[in-house]
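Have a look at the structure before reading on.

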Amino acid sequence: MSEQQPSVLRFETAVAAKDYEVACRELLNILGKLDENFGLFNGIDCDYPQQLNGLEKERTIYICTRLANAIGELFADRALSISGSGAKQFFIFQRWLALIFAASPYVNADHILQHYNLNKDKETSHKEFVLEGSKEALIKFCILYFPDSNVNINLEALWNADQVLCASLCFALQSPRFIGTDAAFSKRATVLQWFPQFLESFDSLDALPANILHDVYMHCSYDTAANKHQVKGALNKVVRRHLLNGGWTDRENLYPLGERNNKPVMVVMLEHFHSAHSIYRTHSTSMIAARQHFYLIGLGSDAVDEAGR
């Protein structure tokens, strides 16, 4: 039996029926497919007007606008309650939520966040955002707080309210592969300066969106601060504690790999080491240079193409 494709119409129908569980599951399926497709809508069912046939850009805006409208209706509903485990799934895919709104006329989800704002003065509501005190509102706010948001938040106040939620949001804000606005760049820069000392306090990754841990580790490189890499040290400490708590131990009696052709052996673990991937473009020259001093052995899968080999 073939697996059912995610469907925009099925998501909209569940939202309209206030079937929150089905709506959230369908939305996560859509976001998961976007993640699998690196942002393309292939494999996601949507009924387009025939006038948009062949107009790829317009079709993308159309589907993003429909999704943004339905997401807005879902998250503005006060009866919607998202569990901690459900929130973790949304944080893993938050960058695709942000991209949906960025590609729609809305740009961000700030108009939805205003549903949780107790400050009814529209002139100051963005600068003086007074968030509801409920856990449900806090979770929904954080899920839809995107890098391009114009709402200012106090990370320390959020940390004091819920450490796991705050850390999860910090993970999500560092997960986008592309940041193209001053607002988004500024948020990531702020997180990179503030977050590492707080991240170090975790003993486990269990409650955090660990699926995007590698994005947090890598994307700090695109910041401009001299200490932009300090988050890596904090991540290393948390990962080590997580492994130790799981029963892992340091290896003992390590032995050298020896030599081959009068050179020490270097083993390189290859993942997406193919000519179309950035890891090939950034590391291939280093590995070629390493051959002058080492005998290289690469371990990889079918994802490694001839150029990578």
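Which residue in strand 2 is the bridge partner of Arg260? That partner is Lys263.

## Ground rules

The model is predicted, so to speak of local features takes a pLDDT of at least 70, side-chain atom pairs count only at pLDDT 80 or more, and totals for chains, interfaces and linings use all residues. Residues are numbered from 1 along each chain as its sequence is written, and side-chain values use heavy atoms, with hydrogens and water left out.

## The hairpin

Strand 1 covers residues 259-260 and strand 2 covers residues 263-269. (Helices, H or I with at least four residues, and strands, E with at least two, are DSSP runs numbered from the N terminus.) The two strands pair in the antiparallel sense over two bridges; pairing takes at least two bridges found by DSSP.

Glu259 sits opposite Pro264 in strand 2. Between the strands of this hairpin lie two residues, and Asn261 takes a positive phi near 55°.

## Across to strand 3

On to the next pairing: strand 2 runs parallel to strand 3 (residues 295-299), with five bridges. Here Met269 faces Leu299 of strand 3.

Put together, the three strands make an open sheet in the order 1-2-3, with mixed pairing. Strand 1 and strand 3 are its edges, each pairing on one side only.
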